[in-house]
Amino acid sequence: MSDQSQRQPTRPSDMLEPVRVGKGATRGTWTEYLVLFLRLMAAVSLIKGLYHWSQVCGIGAPADAGFQAHTIAWQTATVFFAVLDLVAAVGLWLAAAWGAVVWLTSVVSMAVVEVFFPQVYGGSLFIVLVEMTLLGIYLWLAIFSARERP
């Protein structure tokens with residue numbers, strides 16, 4: 001078996017690597033803060049995904065207010081976020097580029113659903129504010145992390 005790190009990338013996707021903190025790096029680098037934030041968001045996404053799956057499975061819901069009792073729009077959005085949040089959690093925990101993309105898709109989608117389709121989840125502006133704040137923190141950390149690397 002050959003060492004994969006020695007191979008030359010043949011596709012653009014082969015050049016994408018997870019965010020890594022160098023062994024000789026000093027404490028408190030922006031990259032470390034970014035990875036810590038990604039891990040924290042992975043935990044939040046895991047909780048959100050499990051919450052949505054509990055809604056799909058009817059855990060904690062009265063017999064007449066289960067998944068089937070909701071509108072098709074609510075059911076579709078709930079299944080969408082149940083899958084997307086768990087996939088994002090895995091990618092964020094690995095600090096992979098695709099994890100951040102899936103998480104960004106989830107965050108923006110939740111904000112769009114809350115703003116443009118208030119009949120689905122109730123249109124909470126608090127949720128939109130929280131999601132956009134987390135997005136801003138991620139972008140800020142990503143920019144500063146990219147600046148500290150040559």
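This is a predicted model: local features need pLDDT of at least 70, side-chain atom pairs count only at pLDDT 80 or more; totals for chains, interfaces and linings use all residues.
**Entry 1: helix α3 on its own**

I began with α3, residues 97-116. I found 20 residues in α3, reaching 28 Å from the first C-alpha to the last, close to the 28 Å expected at 1.5 Å a residue. I then listed its buried residues, which are Gly99, Ala100, Val102, Trp103, Ser106, Val107, Ser109, Met110, Ala111, Val113 and Glu114. I asked what covers these buried residues of α3. The cover includes α1, α2 (72-93), α4 (118-121) and α5.

I checked the length of α2 next. Its 22 residues should span 32 Å at 1.5 Å a residue, and the end C-alpha atoms are 32 Å apart, which agrees. Just after α2, I noted that Ala95 takes a positive phi of about 55°.

I looked up the buried residues of α2 and recorded Trp74, Gln75, Ala77, Thr78, Phe81, Ala82, Leu84, Asp85, Ala88, Ala89, Gly91 and Leu92. These pack against α1, α3 and α4.

For the pair α2 and α3, I read that the axes come within 7 Å and cross at roughly 145°. The crossing is left-handed. On the α2 side, the contact is made by Phe80, Phe81, Leu84, Asp85, Val87, Ala88, Val90, Gly91 and Leu92. On the α3 side, I listed Trp98, Gly99, Ala100, Val102, Trp103, Thr105, Ser106, Ser109, Met110 and Val113. By class, the residues of this contact divide into 13 nonpolar, five polar and one charged.

**Entry 2: α3 against α5**

I turned to α5, residues 125-148. With 24 residues, α5 reaches 35 Å between its first and last C-alpha, close to the 34 Å expected at 1.5 Å a residue. I recorded Val128, Glu131, Leu134, Leu135, Tyr138, Leu141 and Ser145 as its buried residues. Their cover includes α1 and α3.

How do the axes of α3 and α5 lie, and at what angle do the helices pack? I found the axes 9 Å apart and the angle about 155°. Angles over 145 degrees count as roughly antiparallel, so α3 is roughly antiparallel to α5. I noted this crossing as left-handed.

The α3 residues in this contact are Ala100, Trp103, Leu104, Val107, Val108, Met110, Ala111, Glu114 and Val115. They meet Ile127, Val128, Glu131, Met132, Leu134, Leu135 and Tyr138 in α5. I counted the classes as 14 nonpolar, no polar and two charged residues.

**Entry 3: α1 against α3**

Last, I took up α1, residues 30-57. The axes of α1 and α3 come within 12 Å and cross at roughly 55°.

Which residues make the contact of α1 with α3? I found Phe37, Met41, Ser45, Lys48 and His52 in α1 meeting Trp103, Ser106 and Met110 in α3. The residues of this contact divide into four nonpolar, three polar and one charged.

**Entry 4: residues revisited**

Technical notes: Residues are numbered from 1 along each chain as its sequence is written. Side-chain values use heavy atoms; hydrogens and water are left out. Axes are lines fitted to C-alpha atoms, for helices over the stretch in contact, and angles run from 0 to 180 degrees between N-to-C directions. Helices (H or I, at least four residues) and strands (E, at least two) are DSSP runs, numbered from the N terminus. Contact means heavy atoms within 4.5 Å. Ala, Val, Leu, Ile, Met, Phe, Trp, Tyr, Cys and Pro count as nonpolar, Asp, Glu, Lys and Arg as charged, and the others, Gly among them, as polar. Angles under 35 degrees count as roughly parallel, over 145 as roughly antiparallel, 65 to 115 as roughly perpendicular and the rest as oblique. A crossing is left-handed if the near helix is turned anticlockwise from the far one by less than a right angle, and right-handed if clockwise. The expected span of a helix is 1.5 Å times one less than its number of residues. Buried means under 20% relative accessible area, exposed over 50%, partly exposed in between (1.4 Å probe, protein chains only).
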